[in-house]
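This report describes a single structure for a reader who is new to the subject. Please keep the sequence and the structure in view while reading.

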Amino acid sequence: MRPRRIDGDPAEFRLPSEEEQAANFRLIDAAPGMLATLKIAADALTSTLKARGYEAGSATDGWAPEVRQEVAALATVRAAIAKAEG
């Protein structure tokens, strides 16, 4: 459960536990490194797909399962980067 917004019911407001706060701080501390790693992964997947002859945005029908998996992974990685960067 998250703290309620200002317009929420004050009776429902709670502060995160010390354990939750510590977990949040660890995640915040790790975030820049995780974002950098996602960018490296995106570059590596892009290079691998390009080397295979796959062009970004084209259909994956007829491609080997590993290529379809790499395309899906790249889309997921790019979405995570976009979410992190706002």
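## The end of helix H1

Helix H1 is followed by Gly53, whose phi is positive, near 95 degrees. The helix label comes from DSSP: helices are H or I runs of at least four residues, numbered from the N terminus.

The model is predicted, so local features need pLDDT of at least 70 and side-chain atom pairs count only at pLDDT 80 or more, whereas totals for chains, interfaces and linings use all residues. Residues are numbered from 1 along each chain as its sequence is written, and side-chain values use heavy atoms, with hydrogens and water left out.

H1 covers residues 18-52, which makes 35 residues. The expected span of a helix is 1.5 Å times one less than its number of residues. H1 should therefore span 51 Å, and the 49 Å between its end C-alpha atoms agrees with this.

A kink of about 45 degrees lies at Ala31, shortly before the proline Pro32. Such a bend is the angle between axes fitted to the seven residues ending at a residue and the seven starting there.

## Packing between H1 and H2

The buried residues of H1 are Ala42, Leu45 and Leu49; buried means under 20% relative accessible area, computed with a 1.4 Å probe on protein chains only. These buried residues pack against helix H2, residues 65-85.

The largest nonpolar core consists of eight residues: Ala42, Leu45, Leu49, Tyr54, Val67, Leu74, Val77 and Ile81. H1 and H2 each supply at least two residues of this core, and the largest share, four residues, comes from H2. A nonpolar core is a set of buried Ala, Val, Leu, Ile, Met, Phe, Trp, Tyr and Cys residues joined through side-chain atoms within 4.5 Å.

## Two residues and their contacts

Contact means heavy atoms within 4.5 Å. Leaving aside residues up to four places away in sequence, Ile81 touches Leu35, Leu38, Lys39 and Ala42.

Glu70 lies in helix H2. Glu70 counts as buried because its relative accessibility is 14%. With residues up to four places away in sequence again not counted, Glu70 touches Leu45, Thr48, Leu49 and Arg52.

## Lining of the largest pocket

Among the residues that line the largest pocket are Thr46, Leu49, Tyr54, Gly57, Leu74 and Arg78. A pocket is an open set of points on a 1 Å grid over the protein atoms alone where a 1.4 Å probe fits, with protein on both sides within 12 Å along at least five of seven lines; lining residues have an atom within 4 Å of a point. H2 provides the largest share of this lining, four residues.

Technical notes: Buried means under 20% relative accessible area, exposed over 50%, partly exposed in between (1.4 Å probe, protein chains only).
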